[in-house]
Amino acid sequence: GPVRVGGEVREPRKLKHVNPSYPSMAKQARVQGIVILECTIDTQGRVSNVSVLRGVPLLDQAAIDAVRQWVYEPTVLDGVPTPVIMTVTVNFRLN
């Protein structure tokens with residue numbers, strides 16, 4: 001199964017980043033904040049599983065949609081591509 005990032009297991013390098021689109025409802029309500037997600041990065045470097053650890057209801061889905069498009073360098077342990085679990089922070093700030 002997947003291993004947690006920490007100790008010997010380093011956070012994989014992000015190859016593709018997609019910024020979240022700010023939900024118009026959240027903009028109108030002037031809502032900003034941080035969404036913390038727990039993600040599983042599969043052996044291909046794709047985000048396969050996402051759950052909200054701490055969120056802002058109006059922003060959670062936008063954060064999940066963006067992070068699901070991110071791509072990482074696959075983590076290799078002892079020569080074997082291994083899925084990893086890590087936390088990701090998405091910051092929503094109004095200009």
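User: Which residues does W70 touch, not counting residues up to four places away in sequence?
Analyst: This is a predicted model. Contact here means heavy atoms within 4.5 Å. With residues up to four places away in sequence left out, W70 touches K14, K16, H17, V18, G45, V47, V88 and V90.

User: Where does K14 lie relative to W70, and at what distance from the ring centre?
Analyst: K14 is among the residues that W70 touches. K14 lies over the face of the W70 ring. Its distance from the ring centre is 3.6 Å.

User: Which residues touch the most other members of the largest nonpolar core?
Analyst: This core has 26 residues. The members that touch the most others are L37 and W70.

User: What is the geometry of the aromatic pair formed by Y22 and F92?
Analyst: The structure holds one aromatic pair. Y22 and F92 form it, 5.4 Å centre to centre. The planes are 90 degrees apart, and planes over 60 count as edge-to-face. The geometry is edge-to-face.

User: How many residues apart are Y22 and F92?
Analyst: Both residues are buried. Y22 sits in the loop between β2 (14–16) and α1 (24–28), and F92 in strand β8. The pair links distant parts of the chain, 70 residues apart.

Technical notes. Residues are numbered from 1 along each chain as its sequence is written. This is a predicted model: local features need pLDDT of at least 70, side-chain atom pairs count only at pLDDT 80 or more; totals for chains, interfaces and linings use all residues. Side-chain values use heavy atoms; hydrogens and water are left out. A nonpolar core is a set of buried Ala, Val, Leu, Ile, Met, Phe, Trp, Tyr and Cys residues joined through side-chain atoms within 4.5 Å. Buried means under 20% relative accessible area, exposed over 50%, partly exposed in between (1.4 Å probe, protein chains only). Rings of Phe, Tyr and Trp (its six-membered ring) pair if their centres lie within 6.5 Å; planes under 30 degrees apart count as stacked, over 60 as edge-to-face and the rest as tilted. Helices (H or I, at least four residues) and strands (E, at least two) are DSSP runs, numbered from the N terminus. A charge sits over a ring if NZ of Lys or CZ of Arg is within 6 Å of the ring centre and within 35 degrees of the ring normal.
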